[in-house]
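Have a look at the model first, then read on.

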Amino acid sequence: MDGAQSADERGTALDSQTRLLLAVRDRRDRAAFAALFAFYAPRLKAMLLRGGAGDAIAEDVVQDTMLTVWRKAAQFDPARATASAWIYRIARNRQIDILRRETRPLPDDAGREEREKDAFDSIALAEQVHRLRAALRQLPAEQRAVLESAYLDGLSHGDIARAKGLPLGTVKSRIRLAMGRLRRLLEKSAKS
């Protein structure tokens, strides 16, 4: 036997499934493909079920595998693998593809929870800002003025006292009274 001959040139070294696959590859032989399907479909399904696949997924993988065998038979090289090894590898790769697809979030779902959370946070923040502005409008003007100077303009109590011409104690007292009143107004609006 010539060592340079390929496996399909030797013929006798090929198993019956490999010969059937060569008939599919070389002549697009439908009867050979039907024989391959009848031989491999139940074996592939049993392998997939033993591997943990559900019945529907196993059926899908078997159908996809055999369709791939028909479509890509021209790529089969008996010198590199037997028909059995080639077909089982196709099935294994197809099963992996399906498992990856099932565990991957769909593009429409990716980040949906995050977007929903951001939307709820934005709505809650807008609600708080609205309630705070309404409560600020209810404060006496002198209390609102010192509060805005301290928290919106960022001035110290001493700076407010100098800017308004008020004693420091008066500024601190107005801020304390304004904060207490603001707290009560916000609590009241939260309950309503």
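## The overall layout

Helices here are DSSP runs of H or I with at least four residues, strands are runs of E with at least two, and both are numbered from the N terminus. Going along the sequence, the chain reads α-α-α-α-α-α-α-α-α. That's nine helices and zero strands.

A bit of housekeeping: this is a predicted model, where local features need pLDDT of at least 70 and side-chain atom pairs count only at pLDDT 80 or more, while totals for chains, interfaces and linings use all residues. Residues are numbered from 1 along each chain as its sequence is written, and side-chain values use heavy atoms, with hydrogens and water left out.

How much of the chain is buried (under 20% relative accessible area; exposed is over 50%, partly exposed is in between, with a 1.4 Å probe and protein chains only)? Buried residues make up 26% of the 192 residues. As for contacts (heavy atoms within 4.5 Å), take those with a sequence separation of 6 or more: 57% of them join residues 24 or more positions apart.

## Where α2 meets α3

Helix α2 covers residues 16-27, and it packs against α3 at an angle of about 140°, with the axes 8 Å apart. The axes are lines fitted to C-alpha atoms, for helices over the stretch in contact, and angles run from 0 to 180 degrees between N-to-C directions. Under 35 degrees counts as roughly parallel, over 145 as roughly antiparallel, 65 to 115 as roughly perpendicular and the rest as oblique, so α2 and α3 are oblique to each other.

On the α2 side, the residues that meet α3 are Gln-17, Leu-20, Leu-21, Ala-23 and Val-24. Their partners in α3 include Phe-33, Phe-39 and Tyr-40. The loop between α2 and α3 holds Arg-28, which has a phi near 50°, a positive value in a residue other than glycine. With a relative accessible area of 36%, Arg-28 is partly exposed.

## Salt bridges

Side chains of opposite charge can pair when their charged atoms come close. Here a salt bridge means a side-chain nitrogen of Lys or Arg within 4 Å of a carboxyl oxygen of Asp or Glu. The structure holds six of them. One is Glu-59 with Lys-45, whose closest N and O atoms are 2.6 Å apart. Glu-59 sits in helix α4 (residues 55-71) and Lys-45 in helix α3 (residues 30-50), so this pair ties together parts 14 residues apart in sequence. Both are partly exposed, Glu-59 at 33% relative accessibility and Lys-45 at 22%. Asp-55 joins in too, linked with Lys-45 and Glu-59 in a network of salt bridges.

Arg-94 pairs with Asp-64, again with the closest N and O atoms 2.6 Å apart. Since Arg-94 lies in helix α5 (residues 83-103) and Asp-64 in α4, that bridge ties together parts 30 residues apart in sequence. Asp-64 is partly exposed, at 24% relative accessibility. Another salt bridge joins Asp-26 and Arg-25, at 2.7 Å between the closest N and O atoms.

## The buried side of α7

Which residues of α7 are buried? They are Gln-143, Val-146, Leu-147, Ser-149 and Ala-150. These cover an arc of only 160° around the axis, so they sit on the same side of α7; the arc is that of the directions from the helix axis to the C-beta atoms.

Ser-149 belongs to this helix, which spans residues 141-151, and has a relative accessible area of 7%. Leaving out residues up to four places away in sequence, Ser-149 touches Gly-154, Leu-155, Ile-160 and Lys-164.
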